[in-house]
Amino acid sequence: MVLRRHLITEAAVPLDTPPAPAERSTLTLAVVGLQAIVAHAGPADGADARFGLFGATVSLGQVLGPVVAGGMAEVLIAAGLSGPDDPYGTAPTFVLASLLCASGAVAALRLPRYPGGTREARVAAEPLDGSRPAGLGTVLRAPHMGKALWASMVVLTATDVLTVYLPAIGAERGWSVAFVSILLAVRAALSFAVRVGTAPLVRMLGRRPLLVGACGIGAAALLLMTPELPAWVAVVLMAVTGLVLGIGQPLTMAWVSRSAPEHLRATALAVRLTANRVGQSLIPVAVGAVAAIAGSGAIFLVLGALLVSTSVAVARSDLR
């Protein structure tokens, strides 16, 4: 029941999508709290499955949200109800967003106060000798934590960069708005599908081979998109990219969580979120600078290189 209420709350909050500056601090607190609950909702070995469901819920919301909001706007315009102050029919979208946030707030009232579910669970997770590590420093010094944070940052930022730059790339290559929308929807849908199946993939292949392979295949798919391609090839490559990036998010979340002491999992996830925000701020700027010099196709080249570096880092890590 706790996980179900958590997923309802999660669907109302774009957990890994960079919000507007005015909303960032509030959403960041919500994200850290929700991820901490997922991390502590069961044994560490099951974190992949929990974070897979967590990520799948986010992907489902990202697929359905724009479709529903866009449909509402189109209906409003077709019915002649948009009005001069709202020519694009966006007003109902804000009403819908408010209702979703309200439903998330109601669901959050039933969430546990402590990440482990109860005060007793929190105390049980603390060291038996009563000592408390330094917190942030302990997390950062955990073995291979830097590689885990780098993998998380690259996987998430690659998704954001594709979402932001693909319309501009499409305009340069003569793709229609509808075709670009199809590419983005394919990526999101495949990410959702693979996150649902994260647990069986981990059991079949193992965490490190799965993440190494996903980043390597994703890099190859993006590098192949650097030159102009037939439309059907672009759809296939974007589907492959959606699969591998979808795998990366829950695996890196579970990796960061498992790398820290049990009572510092929430701190580790907060550090991960901070690293992601840094990546979301710096990497798109660097990608844009390269694209301004070498053309839009260079965006795929840069993202592919970043995923190659991630694959190498994971291969040299202790991820099990």
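**View 1. Packing of α12 against α13 in a predicted model.** Helix α12 (265–294) and helix α13 (298–315) pack at an angle of about 135°, with their axes 8 Å apart. Axes are lines fitted to C-alpha atoms, for helices over the stretch in contact, and angles run from 0 to 180 degrees between N-to-C directions. That angle makes α12 oblique to α13 (under 35 degrees is roughly parallel, over 145 roughly antiparallel, 65 to 115 roughly perpendicular, and the rest oblique). From α12, Ile283, Val287, Val290, Ala291 and Ala294 meet Ala298, Ile299, Val302 and Leu306 of α13 (contact means heavy atoms within 4.5 Å). By class, this contact has nine nonpolar, no polar and no charged residues. Ala, Val, Leu, Ile, Met, Phe, Trp, Tyr, Cys and Pro count as nonpolar, Asp, Glu, Lys and Arg as charged, and the others, Gly among them, as polar.

The model is predicted, with local features needing pLDDT of at least 70 and side-chain atom pairs pLDDT 80 or more, while totals for chains, interfaces and linings use all residues. Residues are numbered from 1 along each chain as its sequence is written, and side-chain values use heavy atoms, leaving out hydrogens and water.

**View 2. Helix α7 against helix α11.** Residues 145–173 form α7, and residues 231–259 form α11. The two pack at an angle of about 145°, with axes 9 Å apart. α7 passes α11 in a left-handed crossing. The α7 side of the contact includes Met145, Leu149, Val155, Leu162 and Leu166. The α11 side includes Met238, Leu245, Trp255 and Val256. The contact residues divide into 12 nonpolar, seven polar and one charged.

**View 3. Helix α8 against helix α11.** α8 (177–196) and α11 pack at an angle of about 35°, with their axes 7 Å apart. Their crossing is right-handed. Among the α8 residues in the contact are Phe179, Leu183, Arg187 and Arg195. They meet α11 residues including Ala231, Met238, Leu245 and Pro250. The residues of this contact divide into 14 nonpolar, four polar and two charged.

**View 4. The largest nonpolar core.** This core has 52 residues. A nonpolar core is a set of buried Ala, Val, Leu, Ile, Met, Phe, Trp, Tyr and Cys residues joined through side-chain atoms within 4.5 Å. Buried means under 20% relative accessible area, exposed over 50%, and partly exposed in between (1.4 Å probe, protein chains only). Met145 and Leu303 have the most contacts inside the core. Two or more residues come from each of α7, α8, α10 (207–224), α11, α12 and α13. The largest share, 11 residues, comes from α7. Beyond its neighbours within four places in sequence, Leu303 is in contact with Ala158, Val161, Leu162 and Leu222. Another core lies apart, of 11 residues, among them Leu34, Ala39, Phe51 and Leu269.

**View 5. Leu264 in the loop between α11 and α12.** Leu264 counts as buried, at 6% relative accessibility. Leu264 and Ala36 are 228 residues apart in sequence, but 9.4 Å apart in space, C-alpha to C-alpha.

**View 6. The chain as a whole.** The secondary structure comes to 13 helices and zero strands (helices are DSSP runs of H or I, at least four residues; strands are runs of E, at least two; numbering starts at the N terminus). Buried residues make up 45% of the 320 residues. Of the contacts with a separation of 6 or more, 79% join residues 24 or more positions apart.

Definitions and conventions
Left-handed = near helix turned anticlockwise from the far one by under 90°.
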